[in-house]
Amino acid sequence: MDPFQMVVAIVVVVTIGRVLQARYGVRRDWRGNEYSADRDNGASAAENARLRDEVRTLKDRVQVLERVITDNNSSMRLDQEIEKLRNKDNA
């Protein structure tokens with residue numbers, strides 16, 4: 001085996017190893033110690049939960065805004081209700 005083939009073989013083996021590590025979630029820290037990517041510390045889990053709640057809240061708000069905008073009668077009804085309130089204040 002000549003040196004070029006040896007280099008190509010090493011690159012292929014390292015690439016396959018990295019792909020398998022990424023596939024199965026095995027990671028290494030700067031010391032070479034393995035840790036699983038699936039394990040989360042409590043702080044990031046709490047942050048994820050907070051962000052999920054925020055996204056859910058924002059989706060609900062967008063849904064309400066879409067309903068208000070697409071409902072043509074509601075805007076006219078809203079204008080009528082505002083006028084009724086103005087008339088009550090003046091009377």
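Accessible areas were computed with the Shrake-Rupley method and a 1.4 Å probe, and for residues only the protein chains shown count as cover. On this basis the protein chain exposes about 8,700 Å², of which carbon and sulfur atoms supply 57%. The structure is a predicted model, in which local features need pLDDT of at least 70 and side-chain atom pairs count only at pLDDT 80 or more, whereas totals for chains, interfaces and linings use all residues. Residues are numbered from 1 along each chain as its sequence is written, and side-chain values use heavy atoms, with hydrogens and water left out.

Along the sequence they follow the pattern α-β-β-α-α. Confidence is expressed as pLDDT, the predictor's value for each residue on a scale from 0 to 100. The protein chain has a mean pLDDT of 80, and 79% of its residues reach 70 or more. Of the 91 residues in the protein chain, 2% are buried, where buried denotes under 20% relative accessible area, exposed over 50%, and partly exposed the range in between (1.4 Å probe, protein chains only).

Helix 1 comprises residues 3-24. Its 22 residues should span 32 Å at 1.5 Å a residue, and the end C-alpha atoms of helix 1 are 32 Å apart, in agreement with that expectation; the expected span is 1.5 Å times one less than the number of residues. Gly 25 follows helix 1 and has a positive phi, near 75 degrees.

A nonpolar surface patch of about 680 Å² is formed by Phe 4, Val 8, Val 12, Ile 16, Leu 20, Tyr 24 and Val 26. Patches consist of residues with over 30% relative accessible area and no salt bridge; like charges are joined within 9 Å, and nonpolar side chains (Val, Leu, Ile, Met, Phe, Trp, Tyr) within 5 Å. Helix 1 contributes the largest share of this nonpolar patch, six residues. One of the patch residues, Leu 20, is located in helix 1 and counts as partly exposed because its relative accessibility is 45%.

Four salt bridges are present in the structure, each defined by a side-chain nitrogen of Lys or Arg within 4 Å of a carboxyl oxygen of Asp or Glu. In one of them, the side chains of Arg 50 and Glu 47 meet at 2.8 Å, N to O. Both residues lie in helix 2 (residues 42-70), three residues apart, about one turn of the helix. The side chains of Glu 47 and Arg 50 are also joined by a polar contact of 2.8 Å. Such a contact is a pair of N or O atoms within 3.5 Å; within protein, one must be able to donate a hydrogen and the other to accept it, and residues adjacent in sequence count only if both atoms are side-chain atoms. Arg 50 is partly exposed, with 42% relative accessible area, and Glu 47 is likewise partly exposed, at 35%.

Arg 50 forms a further salt bridge with Glu 54 (3.2 Å, N to O). Arg 50 and Glu 54 are four residues apart in helix 2, about one turn of the helix, and Glu 54 counts as partly exposed at 37% relative accessibility. Another salt bridge pairs Arg 56 with Asp 53, whose closest N and O atoms are 2.9 Å apart. These two residues also both lie in helix 2, with a separation of three residues, about one turn of the helix. Arg 56 is partly exposed, with a relative accessible area of 48%, and Asp 53 is partly exposed at 41%. Through shared partners, salt bridges join Glu 47, Arg 50 and Glu 54 into one network.
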